[in-house]
Amino acid sequence: MKFQIEDVTVYFPYDYIYPEQYAYMIELKRALDSKGHCLLEMPTGTGKTIALLSLITSYSLSKPQSSIKLIYCTRTVHEMEKTLAELKLLHNYQIKHLGPQARILAVGLSSRKNLCVNPTVLAAENRDSVDAGCRKLTASWVRAMAAENPNVPTCQFFENYERAASSAVLPPGVYTLQDLRVFGKEKGWCPYFLARHMVQFANVVVYSYQYLLDPKVAGIISKEMQKESVVVFDEAHNIDNVCIEALSVSVRRQTLEGATRNLNRISQEIDRFKATDASRLRAEYNRLVEGLALRQNLPITDNWLSNPALPDDILKEAVPGNIRRAEHFLHVLRRLVQYLRGRLDTENVEKESPVSFVASLNSHAGIDQKTLKFCYDRLHSLMLTLEITDTDEFLHIQTICDFATLVGTYGRGFSIIIEPFDERMPHIPDPILQLSCHDASLAIKPVFDQFQSVVITSGTLSPIDYDQLPVSTKFDMRSDPGVVRNYGKLLLEMVSFVPDGIVCFFVSYSYMDGIINTWNDSGILKEIMQHKLVFIETQDVVETTLALDNYRRACDCGRGAVFFSVARGKVAEVILDSFQNIAGKVGVLRDTFQIKEGDFLTFDALRQAAQSVGRVIRSKADYGMMIFADKRYSRHDKCSKLPSWILSHLREVNLNLSMTWLYI
């Protein structure tokens, strides 16, 4: 169908449009007109993706002078492919009505693992190994050796792509990842590097959150994207956690052991180069005296990760003298690893600020803040000088340098947290040192600064306004035997008459384990299992995926099942925070933005509740019942903060129910 929204003719590829979609488009157009940013909430399963694509592409067609580029960010490859499929349908509809003038170029971009067509490289078992396999065939020094010795293996797809030069382009159209692989095989070109090249010229780019939010990736892929772009983060209910995850680093004993092996290997490579080609090490030393800016001129195959934190002006500084020589840099890293090994030898939980940590590191290991800042780039430079291609074998030392650069760059918004064991197995010593980011704005602010409009959208963004949130948690009631018993009776009654599946969300893994054990001891769990099978989410991804698959099978065959899950777990699609991380976030929000602790905790709880119940409806054909089993939801100041699409069905008569009324 075709209709007008003010001065924009909207092309919508379906015969009918929901009122929510139309209202959504109006608000989205308002943001584009003002060249500003926006938060947009729309009920799940009502066609948010096609509404976004239709309005933004139609807006660009109606205003050809605006030259707007759409950068559409998804969480998963599956969602990326679904978005591109919707866009292909829309694009065909627009061409049908407008002809060739509606033609655009839309490209999906993912990792080598999802785009590579070289069977030798694809034989690797994981993404890091695929990346390393690609570099072994495409690195500049490998290709230089192959030019002199035909027996040196290279990637024929990349060589063909390089020989095609400026003629290696994609014709107009919408290209899914599968389309890119097919096109690459037909032409004999590398689909990955072709897509990397074409994203700069495409009208629409669809890729993962990390390509904009993780500075190590964004600095390589998205740095040159034009200012006149509209960035969409779809399903962005947990985008703050994604930002925080991108800037957080965990170090375990296994990490330090792997880093030590990496340093020994690098030391051997340095000795080999001193004996065979010492001029390369001298040339690197001279380059580092001038600064790191030369990195920007590296071939595309050699520049695999950008710095996790450093601004451009730092890259123009001279590298500190104590790490310019390769052997001196290795000595600094060995002292850093030794210091971290000592910090992991603890029996108590410790927490300190980056400033305090750096001061202690300087006092005990003689490594100052400026040296730490340059560790990541110095390692990258050294690995290029030593012509190391199996980068997947050096992930541990990269993690250490990532940690060093972040802790040396940021004085606020982070905490160093050292825990002597994993909370899932408190009796087994397994210490972990975490550099935990608590300020999501550190990752998202560069996106807002770089692009004209940023749209953050989901079905469960509410509550959005911090200021109107009340303070109340009732933590002290959770473990009350009467509360635990009543929850068990409620669930027992529900499984007796609700067909097929029930998903029961708990506030944490530890609380869920305690409740299930209590129900098992009291016999409630046995009674529940007489009606339905029981499956439990764990923190192991494989176990949870298997449990989910069996849960669906039990529902499909008519046996019925109950799935015990966690509101911040995998099924709810929210990243789980430790207590220390949440406390760190609260501290940053309180000190930096004057947001009260209670306000944030209530905001976070309601958002996770909305996201959890949103699992019940994923398309227009779905139906289900949502039960907010907590008396606090009967309070207007609580339930009013839920998304409007839930509130529209939550009438006064449905609030503050007893168990008897609920069953009726």
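Modeller: Start with a rule for angles: under 35 degrees counts as roughly parallel, over 145 as roughly antiparallel, 65 to 115 as roughly perpendicular, and the rest as oblique. Helices are DSSP runs (H or I, at least four residues), strands are runs of E (at least two), and both are numbered from the N terminus. This is a predicted model, where local features need pLDDT of at least 70 and side-chain atom pairs count only at pLDDT 80 or more, while totals for chains, interfaces and linings use all residues. Residues are numbered from 1 along each chain as its sequence is written, and side-chain values use heavy atoms, with hydrogens and water left out.

Biologist: At what angle do helix 23 and helix 25 pack?

Modeller: Two packed helices are described by the angle between their axes and the distance between the axes. Axes are lines fitted to C-alpha atoms, for helices over the stretch in contact, and angles run from 0 to 180 degrees between N-to-C directions. Helix 23 (residues 481-497) and helix 25 (residues 524-531) pack at about 10°, with axes 9 Å apart. Helix 23 and helix 25 are therefore roughly parallel. Their crossing is left-handed: the near helix is turned anticlockwise from the far one by less than a right angle, whereas clockwise would be right-handed.

Biologist: Which residues of helix 23 and helix 25 meet?

Modeller: Contact means heavy atoms within 4.5 Å. R485, G488, L491, L492, V495 and S496 in helix 23 meet I524, E527, I528 and H531 in helix 25. By class, this contact of helix 23 with helix 25 holds 5 nonpolar, 3 polar and 2 charged residues. Ala, Val, Leu, Ile, Met, Phe, Trp, Tyr, Cys and Pro count as nonpolar; Asp, Glu, Lys and Arg as charged; the others, Gly among them, as polar.

Biologist: Which members of the largest nonpolar core touch the most others?

Modeller: In soluble globular proteins, nonpolar side chains tend to be buried together. A nonpolar core is a set of buried Ala, Val, Leu, Ile, Met, Phe, Trp, Tyr and Cys residues joined through side-chain atoms within 4.5 Å. Buried means under 20% relative accessible area, exposed over 50%, partly exposed in between (1.4 Å probe, protein chains only). The largest core has 140 residues, and Y207 and F233 touch the most other members. Helix 17 (residues 326-344) gives the most to this core, with 10 residues. Another core, of 23 residues, lies apart from it and includes C504, M512, I515 and I528.

Biologist: How many residues of helix 20 are buried?

Modeller: Helix 20 (residues 375-385) has 11 of its 11 residues buried. Among them are Y376, D377 and H380. Just after helix 20, E387 takes a positive phi of about 55°.

Biologist: How far apart are the axes of helix 17 and helix 20?

Modeller: They are 11 Å apart, at an angle of about 135°. That makes helix 17 oblique to helix 20. The crossing is left-handed. A326, F329, L330 and L333 in helix 17 meet C375, R378, L379 and L382 in helix 20.

Biologist: At what angle do helix 17 and helix 21 cross?

Modeller: Helix 17 and helix 21 (residues 395-409) cross at roughly 85°, their axes coming within 11 Å. That makes helix 17 roughly perpendicular to helix 21. The residues of this contact divide into 10 nonpolar, no polar and no charged.

Biologist: What does Q450 touch?

Modeller: Q450, in helix 22 (residues 441-450), touches S222, K223, M225 and K227, not counting residues up to four places away in sequence. The C-alpha atoms of Q450 and K227 are separated by 6.0 Å, though 223 residues apart along the chain. Q450 is partly exposed, with a relative accessible area of 26%.
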